[in-house]
Amino acid sequence: MTRIVSLLTDFGLSDPFVGVMKAVILSHEPSLCIVDVSHGVPAQDIDVAALWLSEAYRWFSRGAVHVCVVDPAVGSARAALAARAGEHVFLAPDNGVLSDVLVREPRAEVRRIDALELGLPIPSRTFHGRDVFAPIAARLASGELCFADVGPVHAPVRRARALPAREQNRVIGRVSFVDHFGNLVSDVAASVLGDGVETVEIGERRLRRVGTYSEAEPGECVALVSSFGTLEVACRDGNAAEVLKASRGDRVVVHLAARAPAPELRS
Amino acid sequence: MTRIVSLLTDFGLSDPFVGVMKAVILSHEPSLCIVDVSHGVPAQDIDVAALWLSEAYRWFSRGAVHVCVVDPAVGSARAALAARAGEHVFLAPDNGVLSDVLVREPRAEVRRIDALELGLPIPSRTFHGRDVFAPIAARLASGELCFADVGPVHAPVRRARALPAREQNRVIGRVSFVDHFGNLVSDVAASVLGDGVETVEIGERRLRRVGTYSEAEPGECVALVSSFGTLEVACRDGNAAEVLKASRGDRVVVHLAARAPAPELRS
Amino acid sequence: MTRIVSLLTDFGLSDPFVGVMKAVILSHEPSLCIVDVSHGVPAQDIDVAALWLSEAYRWFSRGAVHVCVVDPAVGSARAALAARAGEHVFLAPDNGVLSDVLVREPRAEVRRIDALELGLPIPSRTFHGRDVFAPIAARLASGELCFADVGPVHAPVRRARALPAREQNRVIGRVSFVDHFGNLVSDVAASVLGDGVETVEIGERRLRRVGTYSEAEPGECVALVSSFGTLEVACRDGNAAEVLKASRGDRVVVHLAARAPAPELRS
């Protein structure tokens, strides 16, 4: 059966770095199927990478190996990690980029990759995607290496992230990221808000909630459920980030109907 | 035999959305080969997507499934379509994005995807690429689903597009799109103009026709036949869009020699 | 065994051109594995493409076919080349883009692709990536065509490139390219400098050498060894190109300790 290796990095696609990682993986095992989750994580943005990884991996079939390299401390003493949860395997630097996956998968087993023990050549100090994560991914995906043999159990770095806060009939969250269309994807889980949303406030604007983009008037900014299952602010036929001059980290306030039950605040 | 699924969207490559679509396709059938035609369609630009789809699919071998998701009305009542022409299959929202393919393939059979009947989970209202088109593409490409079973026959939306106009010894067309190099690809089919082109006018400039980029002087703007088979305006060692301050939709006038036969106006 | 075709172009990923090349390759042989090295070579920049090709191919397993299309003179009389070195095969226009590979592989055998003899349809004059290089790559990778049969032996164009210069205790090189993070990758081979580097000068700044990004202070610009094995200037938690207002071609001066042995000047 074809085994899958997914890649998520902040390398961009202009340089040859992603191609070199693929070359290393395929030179170990040419039958592997490599899928790009994204290489457009904002440079060194561990939080966005953590979020995207935790959203994306669930759509892959079990047995996939997910490599996430957003690694500002490459070459330092930070560990390289392998984690197993369900039948998914994750490889990443120990900088918190696995945090959101570990929230979803509290039983995950995390190990430190022991590159020396595994016989890897001494890695460069600037490109562990190529020198550590790619060869280990190939060995794990091909079955040449067992997860339990990658190295000792390790307590990973976890990023503390502010969760949306409940205040009376308001839920106060943040813009998690701005997508390619300028949609502002928030961290407020929409599923638990039910029908209780009255309006969504961003900057000085109050927006109504709709079910889908087409329900907005042309040019109108509205709130709706993103494909991540959180509230999103969008502008019909336009770019909400530009129209609202909004960006990542901006405050999003959800005003609830008075009788709405207290929501859980995380998806 | 390896079966191919091609993807054409306006999702860009920064976000994880294309990666998630691939995950869904491969989780159905990991042996499929996914080819990106482009994810750089300008946001919500149905006309450019329709053009690129109709140019690109012909280079694939028969049996390929082509998924085109440029879908401003996602989540509304618009239908999701499957079309079969030759041995190519196309999946797309019913918004006219198949128009140019249907001009080339007048005998195409078009059906509405009946997601409920096919047992798909209720899709999100913002991401049918993931929830409808990806799983149906995988089932069709793998042979698990027959084209005739996707749903009932359907009369698709067709976009009316202005064709180039003939006026005496001139043909008046438009810039269809500006490519990565700044070349201005027009909608005037070059094959039918033969050797009768005297000059090509864009903005206030008159350009000579050449056979290939190298025939231009450094920095000169010229007209030649694009790889799409239409007239294109290029600038040697430069960016014609910038030099000419031209963009999509701009008028392109082809001046023909007096004795040229009346051309057909569409490739 | 899965055979690999790698692609390196300046086509960008917005347009459908790369997708069409892949369609042509796979329509010849759908089991081939296509790897994008990069499509982000700056438009028509033969030197950057030559450098990236010579860095990237070594990470692929033997038997790969590497297609490099940066081709400002497409459609002119310039030849299309195939080169074989080790068990790697390279396809590229005869404009010097193979120069750096040929420095590394002095025994490479270079032939001119005889498209007519090989039975290719008459190619367009603007897109030999699709019409010449893609089909020949597929035939070579699939074993349908032997290297020796592509055409007659040919003396390729070679680009003269200024090598770093030694002046007393200084080595004067250039910025080869600026990567996605704003790191300034130079052409000064770091391996041969050993521990003798005292400071690195760029513009009016003198920078210290460190082993890895984390050794810099936040916001500090430093010099270290790039993943290409050359000296690189980086800015911790920042973008060195922006901070230093530096760009490709800028002078980089490495100041050596007085007793350092004379280095070789090319990696």
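**The contact between chain A and chain C**

Mentor: Across the interface of chain A and chain C, eight residue pairs are found in polar contact, with both residues of each pair at pLDDT 80 or more, a cut-off that applies here because this is a predicted model. On the chain A side, two helices, α1 (17-28) and α4 (128-142), each supply at least two of the residues that touch chain C. The largest share of that side, eight residues, comes from α1(A). By residue type, the side of chain A that touches chain C divides into 14 nonpolar, nine polar and six charged residues.

The contact as a whole takes 29 residues from chain A and 32 residues from chain C. Between them the two chains bury about 2,400 Å², and 63% of this area lies on carbon and sulfur atoms. The count of salt bridges between chain A and chain C is one. In this salt bridge C:Glu215 is paired with A:Arg125, and the closest N and O atoms are 3.1 Å apart.

As for how the two chains are placed, a rotation of 120° with 0.0 Å of shift along its axis superposes chain A on chain C, with an RMSD of 0.0 Å. The two copies are thus related as by a three-fold rotation axis. They use different surfaces in their contact, in that 3% of the contact residues of chain A recur in chain C. Chain A can likewise be laid on chain B, by a turn of 120° and a shift of 0.0 Å along the axis, with an RMSD of 0.0 Å. For this pair, too, the copies use different surfaces, and 3% of the contact residues of chain A recur in chain B.

Leaving aside residues up to four places away in sequence, B:Thr212 touches B:Leu224 in its own chain, together with C:Val74, C:Gly75, C:Ser76 and C:Arg125 of chain C.

A:Arg62 counts as exposed at 58% relative accessibility, whereas A:Glu87, with a relative accessible area of 48%, is partly exposed.

Another salt bridge is formed in chain B, where the side chains of B:Arg248 and B:Asp45 meet at 2.2 Å, N to O. Here B:Arg248 belongs to the loop between α5 (240-243) and β14 (251-256) of chain B, and B:Asp45 to the loop between β2 (33-38) and α2 (46-56) of chain B, so the parts that the pair ties together are 203 residues apart in sequence. B:Arg248 is partly exposed, with a relative accessible area of 39%, while B:Asp45, at 12% relative accessibility, counts as buried. In chain A, salt bridges that share partners join A:Asp45, A:Asp47, A:Asp100, A:Arg159, A:Arg161 and A:Arg248 into one network.

In chain C, C:Arg236 forms a salt bridge with C:Asp237, the closest N and O atoms being 3.8 Å apart, and C:Arg236 counts as partly exposed at 27% relative accessibility.

The C-alpha atoms of B:Gly86 and B:Arg107 are separated by 8.6 Å, the two residues being 21 residues apart along the chain.

Conventions. Residues numbered from 1 in each chain as written. Chains lettered and ligands numbered in written order. Predicted model: local features only at pLDDT ≥ 70, side-chain atom pairs only at ≥ 80, totals over all residues. Heavy atoms only, no water. Least-squares fit on C-alpha atoms with pLDDT ≥ 70 in both. Contact = heavy atoms within 4.5 Å. Buried area = accessible area lost by both parts, 1.4 Å probe. Salt bridge = Lys/Arg side-chain N within 4 Å of Asp/Glu carboxyl O. Polar contact = N/O pair within 3.5 Å; in protein donor to acceptor, adjacent residues only side chain to side chain. Helix = DSSP H or I, 4+ residues; strand = E, 2+ residues; numbered from the N terminus. Nonpolar A, V, L, I, M, F, W, Y, C, P; charged D, E, K, R; others polar. Buried < 20%, exposed > 50% of the residue type's maximum accessible area, 1.4 Å probe, protein only.
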